[in-house]
Amino acid sequence: MAPLPPSADFWLRVALFGGAALVVGVPVGLMLWFRSPLHLGIGQVVEQPIEFDHRHHTRDDGIDCLYCHHDARRSPRAGVPSTELCMGCHAQVWNEGRETRPLRASWAADRPIRWRRVHDAPDFVFFDHRAHFEGGVGCESCHGRVDRMAHVYQTEASTMGGCLECHRDPVPHLRPEDALTRMGLSPSRARGERVADRLGGVSPPTHCTGCHR
Amino acid sequence: MSHDDPSWVPAASLGRRSFLGASAGTLGALAAGCDLHRPEELVPYVRRPPEVVPGVSDWYATAALRGGYAIGLLAESREGRPLKIEGHPEHPMSRGGTGPREQASVLTLYDRDRLEAPREDGTARSWAAFARSFGPRSVRPFVGRRGEGLALWLPPSSSAVLARRLAALRERYPRATIVFDPTSAPTPRWEGTRRAFGRPLDVQIDLARADRAVFLDADALVEGPAALALARDWAHRRTPGEGMLRTYAFEGAVTSTGVSADHRLPTPPGAIGRLALALLAALRDGVSPPEGVPHAEAVRAVARDLDAHRGRSAVVAGERQPAAVHALAALLNATLGNVGRTVRYRESALLEAASGAFDPSRLFDALDADAIDTLVIADANPVYAAPPSFRFAERAARATRTVACAAFANETAASADWALPSLHPLERWGLHHAHDGTPTARQPLIEPLVDGTTPEGLIARLLGEDPSPREAVAAAVAERADASLDEVLSRGFFAAADETVTPRPRFDELPSLAEEIAAEARADDALALDLRPDARVGEGEDAENAWLQELPEASTQLVWDNAALLAPAEMARLGLRDGDVVALALAGGDASVRLPVLGVTGQAEGTVVAWLGFGRRRGGRVARRVGVDVTPLRTVTGVPRVHLEATGERRDLARTQHHHRLEHDEPIYRRADLEAWRANPRLAPAGHETPPPSLHEAPDDGEPSDAARWAMAIDLSRCTGCKACVIACQAENDVPAVGKTQVALGREMHWLRIDRYLTEGDEVGFQPMLCQHCEHAPCEYVCPTNATVHSPDGLNVMAYNRCVGTRFCQNNCPYHVRRFNWFDYQRGRPAREQLVHNPDVSVRGRGVMEKCTFCVQRIRRAERYGEPGGLRTACQQACPSEAIAFGDRSDPSEPVSRWQRQPRAYSVLGELGTRPRVQYLARVDHPNPGLRERDGER
């Protein structure tokens with residue numbers, strides 16, 4: 001039997017180091033992938049049935065978030081406005097034209113508009129808009145500068161780490177009631193403490209059943 | 001889901017080809033993996049109803065029916081879909097409690113097998129087609145003949161709208177025949193009161209004012225239209241000490257009422273009459289006692305006890321006892337001076353009660369004479385459920401055409417020419433009357449999911465009218481109440497005038513009653529057959545409901561089946577074992593039925609008990625082929641007698657009795673007599689007078705002092721074992737039904753079960769068992785992924801998304817309350833069936849452990865927003881006898897704290913040091929010291 005060829009040493013090293021790299025690299029790669037903005041959907045635009053522009057409605061027209069998403073004050077869900085609510089204005093303004101055609105079609109045919117979800121918490125998470133609102137957390141903290149978005153996209157990772165970061169130290173993110181829907185307010189501990197005092201203290205849950213039931 | 005539904009059963013074998021195929025498919029899916037990000041849809045309303053807030057529940061008052069009588073309910077609606085049923089706290093016949101069947105009704109609403117549209121001979125047709133062949137303008141025989149040839153078969157009803165429609169029908173078609181199904185009506189009670197008082201009456205028992213009650217083969221705390229109110233009153237009189245109620249139950253079968261009684265004396269159903277007569281003889285001069293009275297000694301003691309409590313006692317006769325027993329019970333109450341005090345009588349709230357409409361013989365004669373051209377059967381299934389002596393199927397076939405209105409394609413609908421979908425109770429309008437006469441409104445919670453109708457609507461169609469059902473209810477309300485329809489609907493009911501009567505007893509009937517009773521005493525070797533509507537599926541009406549089919553039956557813990565129940569001594573004598581198939585043949589008849597036997601400790605010897613409602617041949621996929629149809633043995637009145645013969649065959653029965661057995665040193669189910677409790681209020685077993693010392697830290701350690709400490713207390717004195725809590729838990733927490741084969745493997749998913757114990761003297765005791773939320777929880781120590789942990793407020797919680805399914809926790813739980821999802825029980829259901837899921841709870845997938853959460857979704861909601869009516873768990877809210885207290889133990893004024901401070905409170909398996917947050921209050925009975933059948937502490 002011939003001795004091993006001189007290159008055997010090289011190939012053995014390749015196999016050893018390569019194997020080790022695989023064993024370490026694959027899990028690390030997967031972990032990085034699951035934390036990457038691409039996987040989390042951050043910054044990704046979702047095609048919608050209507051080219052709805054939040055910039056135009058909030059900045060140009062000065063419509064408050066709650067005018068359309070008024071359930072945020074009384075329900076776990078912020079809600080998407082009904083066709084009727086849209087038509088409240090668009091029967092008068094922009095009542096013709098390409099952009100609002102699907103809206104009018106929905107109204108005429110009594111068929112709902114099928115929007116596509118941008119912020120999609122997993123089904124085992126029970127997020128409560130009303131609780132956050134009453135606790136002094138504004139829209140911007142999770143949804144970002146919607147007033148600057150042509151198409152809405154996610155700005156924060158909807159991961160448990162992201163939630164817990166704020167739940168463990170909510171104070172900088174608290175706002176007075178009249179600023180809940182205001183955009184462009186940067187976190188401030190001093191302001192948050194005043195809000196927390198007024199609310200009689202804020203203690204968001206950090207245990208499992210706070211969000212998982 | 002039926003037990004033979006293959007959708008969730010794994011493929012028996014995976015061949016090489018299918019394996020490669022599946023692998024290729026998986027790889028393909030991975031390659032196209034970006035599909036994982038396909039966004040969900042958000043679909044808002046076009047026009048939003050003003051009262052709907054998506055994500056927030058509304059509650060509406062409505063009603064359920066028991067035997068035609070109304071029970072007030074509150075139904076939860078979320079975005080227009082009914083989710084959960086609760087009792088109406090103000091309604092006198094519910095008082096906030098419900099039974100398992102009311103709780104389970106939401107599941108039937110969404111069932112995929114409901115009849116969707118009218119069918120003619122099995123082909124789908126439109127209502128217009130039905131109107132063409134049945135409308136008043138169509139040329140049909142009965143129109144010209146003032147209704148001759150038209151017949152209606154209806155269930156007993158208290159519907160005010162139906163009363164108006166029937167009046168209109170009679171005006172148009174005076175010769176039409178209208179029959180109310182006599183087998184599901186309280187006809188023996190009406191006949192009995194007619195003989196005792198001269199007129200047919202309904203009986204109202206008031207256990208709040210009675211000190212002694214005798215149940216003669218009556219499962220009054222669970223069965224019937226007044227049971228929820230009775231159970232509540234009974235429970236309030238079970239607090240140990242002065243003023244305790246004492247109940248005696250004489251019964252053949254082992255019922256919840258008997259098990260809950262202070263004295264339960266097994267008595268064959270055919271001997272109840274003699275027993276009642278003996279009681280009367282002991283209490284009244286000039287009545288001679290009959291021969292062969294069972295428990296003669298006890299009867300004398302009971303009579304003495306009743307004699308000492310004249311005017312404060314009650315005698316209750318069971319629904320299936322013959323009229324003579326009801327008459328004797330009425331005369332007993334009259335003798336004891338109870339009438340008008342603890343026992344009140346009123347005209348029945350059912351339409352045309354005790355009239356000829358409950359006698360089908362005229363209809364049968366007409367059918368036999370081929371004089372009926374149109375037979376309409378609404379909301380009844382007589383082809384399956386009627387006694388064989390009616391020969392219903394055969395007679396119905398003689399009608400020129402039959403129309404059946406049914407929720408499912410049941411036996412009657414399948415044999416009818418036209419099958420019309422019947423609406424679910426939660427889709428209906430109505431104004432019905434409760435057992436005490438309270439007019440109770442029923443409003444729909446949802447637009448009908450099927451193109452169906454109701455008996456009232458069907459009659460309107462026959463008259464060629466199509467009025468809105470809401471208008472019909474409004475008209476009926478306007479006749480009876482000053483309030484507007486909206487006011488009535490929002491409260492759910494309105495008070496009715498007190499219509500109780502004080503009838504004059506007719507003791508001159510006694511000789512003929514005694515004669516009848518004596519004639520019943522027969523000395524043959526046949527067994528008395530106690531055919532009972534099943535407590536879960538009724539006479540088959542609820543056989544479509546998988547939650548009810550999988551609810552363990554109270555006396556046997558049997559699921560998805562029925563059986564012939566025998567006393568164990570009787571079985572030993574006959575050489576039978578559980579599961580042996582026997583043939584039951586009607587004595588003096590040729591009907592015979594083969595079904596498996598099951599021994600039930602405590603059942604009277606000489607008695608066979610069997611439940612109706614099983615062995616359905618047609619209907620939805622859940623109902624069919626479950627158990628055995630015993631209606632061939634059904635008789636119209638009296639107690640049938642049967643001969644029993646072994647066949648040598650066996651049948652597997654799925655029972656949960658021996659699942660989840662607790663290993664223990666100290667007694668798990670504690671009960672004692674009042675005297676023993678007075679001597680030793682802690683009722684601790686000898687040697688355990690003080691709690692064992694703990695090596696662990698102080699209880700409640702490690703919790704923030706301002707957090708709540710959720711805890712529960714269950715009073716075993718008050719639990720009747722009715723299992724409303726089990727179904728309430730199932731509905732609230734999306735607990736799946738898994739089917740007979742899975743239950744047989746011990747894989748039932750109930751978070752809350754009712755354990756059945758035999759205590760000393762072979763007496764039965766029921767104990768609700770759920771996660772005990774131990775402060776030192778054995779499950780938590782062994783979880784490798786921290787999926788089960790403690791919350792700061794003392795809940796033992798499950799994070800489903802962390803669970804990898806090792807089942808270590810299940811193995812380490814001494815209470816056996818953890819349930820593992822062996823399959824994706826909820827996957828693959830049609831969208832409509834998924835609507836029943838509670839949106840506040842995660843639907844668990846395969847490979848995940850689950851268990852009672854103390855309804856954490858309700859706790860969290862109540863903490864933040866408060867809960868109208870107070871925070872209650874689903875089981876607590878459903879309980880008719882208020883046996884469950886739940887709340888924050890850190891508040892000493894909470895009921896749960898007061899209950900847990902009682903000396904008779906104990907922890908099950910407390911010796912293990914788990915420090916459960918659930919405590920039980922030992923059952924304390926109030927036996928008659930003069931009835932020395934049992935002694936002291938058991």
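1. Helices (H or I, at least four residues) and strands (E, at least two) are taken as DSSP runs, numbered from the N terminus. On that basis chain A holds 11 helices and 1 strand, in the order α-α-α-α-α-α-β-α-α-α-α-α from the N terminus on. Chain A is more spread out than a compact globule, because its radius of gyration (over C-alpha atoms) is 25 Å, well over the 17 Å that the globule rule (2.2 Å times the number of residues to the power 0.38) gives for 213 residues. The C-alpha trace of chain A spans about 95 × 50 × 35 Å along its principal axes.

2. This is a predicted model, in which local features need pLDDT of at least 70 and side-chain atom pairs count only at pLDDT 80 or more, while totals for chains, interfaces and linings use all residues. Residues are numbered from 1 along each chain as its sequence is written, chains are lettered from A in the order in which they are written, and side-chain values use heavy atoms, without hydrogens and water.

3. Of the 213 residues in chain A, 30% are buried (under 20% relative accessible area, 1.4 Å probe, protein chains only). Among contacts (heavy atoms within 4.5 Å) in chain A with a separation of 6 or more, 64% join residues 24 or more positions apart.

4. Chain B is in contact with chain A through 33 residues, against 39 residues of chain A. The two chains bury about 3,400 Å² between them, 55% of it on carbon and sulfur atoms; buried area is the accessible area (1.4 Å probe) lost on being put together, summed over both parts. R117(A), T209(A) and R213(A) supply 19% of the area that chain A buries against chain B, more than any other three residues.

Terms used
Buried means under 20% relative accessible area, exposed over 50%, partly exposed in between (1.4 Å probe, protein chains only).
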